[in-house]
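Hello,

I am passing a structure on to you. Please open it first, then read the notes below.

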Amino acid sequence: MHSFDDLAAKFGVSVKTIRRRMNENGIKPVDKDGKTLLFDDHALAVLQDAIQTKRSKHEAVVNAGIANINKSTNTPAESVQVQEGLEQLDKSTHTLAGDEYAKVIANQVADMLMSDASVNKAISLLTVAVNRGRIIDQQHDELVAEIQRLDDKVDGLYDRLLHNMRNFNYRKMAKINAEEFMKVVNKQQNKSNGQASKQTKKKEKGGGQDKGQGA
């Protein structure tokens, strides 16, 4: 199990950063030690992937920025547009899915800037990608919120179940079941006794007729 402090030390970032990455990716604690929240190895793996992807995205954006500076055919205005687009791309995403998408786009922009492709294509790609990255994050946040709502609902149902189990009067239920069982047994027994009584009377009646015929 890992606490916030453990994770911050492992990744070399602040606890505040760890908390933010946890919230961004919907990572929840699995246990508690007193007031200390604890996370399992699955949370560690997701967090590690999220932090590494964010670093990779930033590196890809920096590399694209260097390619932009080195592209001698750009006008000053075009270079500024590309740089602003890259900065927006770097800031536009915060989830693992969004960062992965932004990293891919930054690498594509770098390739375009290092080739003979028109710089306007790179600018257009950045404009579309920034909006798309925000949509990806929005959809992710909505999904995380819905999962949290369902988790809370399940937790509520589980708490109610535990409450009902703790307050359930098993002794009373056992007594009721025993009484109902005895009612069924007595009913069956009375039915059997009634059938036996009818058969006895039938035999007695048949015996009386035999005696009359003999006289």
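**Salt bridges**

Four salt bridges are counted in this structure. Please keep in mind that the model is predicted.

Start with lysine 57 and aspartate 90. Their side chains meet in a salt bridge, at 3.7 Å from N to O. Aspartate 90 sits in helix H4 (residues 76-92) and lysine 57 in helix H3 (residues 41-70), so this pair ties together parts that are 33 residues apart in sequence. Are the two residues buried or exposed? Both aspartate 90 and lysine 57 are buried.

Lysine 57 has another partner, aspartate 99. In that salt bridge the closest N and O atoms are 3.0 Å apart. This pair, too, links distant parts of the chain. Lysine 57 is in helix H3, aspartate 99 is in helix H5 (residues 96-113), and 42 residues separate them. Aspartate 99 is buried, as is lysine 57.

These contacts belong to a network of salt bridges. Its members are Lys54, Lys57, Asp90 and Asp99.

A further salt bridge joins the side chains of lysine 103 and glutamate 100, with 3.3 Å from N to O. Here both residues lie in helix H5. They are three residues apart, about one turn of the helix. Glutamate 100 has a relative accessible area of 34%. Buried means under 20% and exposed over 50%, so glutamate 100 counts as partly exposed.

**Helix H1**

Now look at helix H1 (residues 4-11). Which of its residues are buried? They are Phe4, Leu7, Ala8 and Phe11. Seen down the axis of H1, these buried residues fall within an arc of 100 degrees, so they line one face of the helix. Asp5, Ala9 and Lys10 are exposed, on the other side of H1.

What covers the buried residues of H1? The cover includes helix H2 (15-24), strand S2 (36-38) and H3. H3 is also the helix that holds lysine 57.

Just after H1 comes glycine 12. Glycine 12 takes a positive phi of about 70 degrees.

**Confidence**

The protein has an average pLDDT of 80. A score of at least 70 is reached by 76% of the residues. Which element has the highest mean pLDDT, and which the lowest? Among the elements of the protein, H4 is the highest, at 92. Helix H7 (residues 170-214) is the lowest, with a mean of 65. H4 is the helix that contains aspartate 90.

Best wishes

Technical notes: Residues are numbered from 1 along each chain as its sequence is written. Side-chain values use heavy atoms; hydrogens and water are left out. Helices (H or I, at least four residues) and strands (E, at least two) are DSSP runs, numbered from the N terminus. Buried means under 20% relative accessible area, exposed over 50%, partly exposed in between (1.4 Å probe, protein chains only). pLDDT is the predictor's confidence in each residue, from 0 to 100. The arc is that of the directions from the helix axis to the C-beta atoms. Contact means heavy atoms within 4.5 Å.
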